[in-house]
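Here is a short briefing on charged side-chain pairs. Take a look at the chain before reading on.

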Amino acid sequence: MKKQNYLLILISFMLLLIMTACSEEEKADDDVPQIVEVEILLPEDISVGEAVTLSSYISQGGEDVNDADDVTFEIWEESASDEDHDRILAEFDQDGTYSISYTFETAGTYHIISHVNAREMHVMPEEIIEVKE
């Protein structure tokens, strides 16, 4: 009779451990934050010497991110060296949108990266545009 009691206690204890481990795994999956998503918003046509607004729309889980730590636009002409990249801190507008005003001085192909630090994540999408005379 004693052996059966010990066996029953041992089996109960093992089941309890298994159930606890499974619930901890489920909790860990629920704690993973959703990815911060960034969409760079650009005018369709950009001409030399014309001031344009460059914006980033930031969201997480379908909700606007209005509390980004910082948003910086990095802009450079395709043939430029690393030292010739412009880095401009964007300002919060509204509804998850952060913007800068920028004037392209020469025609050509440009790269634009929006560096976003928000909610302990760093996201940096890139767009390539053509600036016309």
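**Salt bridges in the predicted model**

Arg119 counts as partly exposed, at 33% relative accessibility. Its salt-bridge partner is Asp67. The model is predicted. The count of salt bridges in this model comes to three.

**Arg119 and Asp67**
- The closest N and O atoms of Arg119 and Asp67 are 3.1 Å apart.
- This pair links distant parts of the chain, 52 residues apart.
- Arg119 sits in the loop between strand E9 (108-118) and strand E10 (121-123).
- Asp67 sits in the loop between strand E4 (63-64) and strand E5 (70-77).
- Asp67 is partly exposed, with 44% relative accessibility.

**Glu74 and Arg87**
- Glu74 and Arg87 form a salt bridge, with their closest N and O atoms 3.1 Å apart.
- Glu74 lies in strand E5 and Arg87 in strand E6 (residues 86-89), so the pair ties together parts 13 residues apart in sequence.
- Glu74 is buried, because its relative accessible area is 9% and the cut-off for buried is under 20%.
- Arg87 is exposed, at a relative accessible area of 52%.

**Asp45 and Lys132**
- A salt bridge joins the side chains of Asp45 and Lys132, at 3.7 Å from N to O.
- Asp45 and Lys132 are 87 residues apart and link distant parts of the chain.
- Asp45 belongs to the loop between strand E1 (36-41) and strand E2 (46-47).
- Lys132 belongs to strand E11 (residues 126-132).
- Asp45 is exposed, with a relative accessible area of 52%.
- Lys132 is partly exposed, with a relative accessible area of 48%.

Conventions
Residues are numbered from 1 along each chain as its sequence is written. This is a predicted model: local features need pLDDT of at least 70, side-chain atom pairs count only at pLDDT 80 or more; totals for chains, interfaces and linings use all residues. Side-chain values use heavy atoms; hydrogens and water are left out. A salt bridge is a side-chain nitrogen of Lys or Arg within 4 Å of a carboxyl oxygen of Asp or Glu. Helices (H or I, at least four residues) and strands (E, at least two) are DSSP runs, numbered from the N terminus. Buried means under 20% relative accessible area, exposed over 50%, partly exposed in between (1.4 Å probe, protein chains only).
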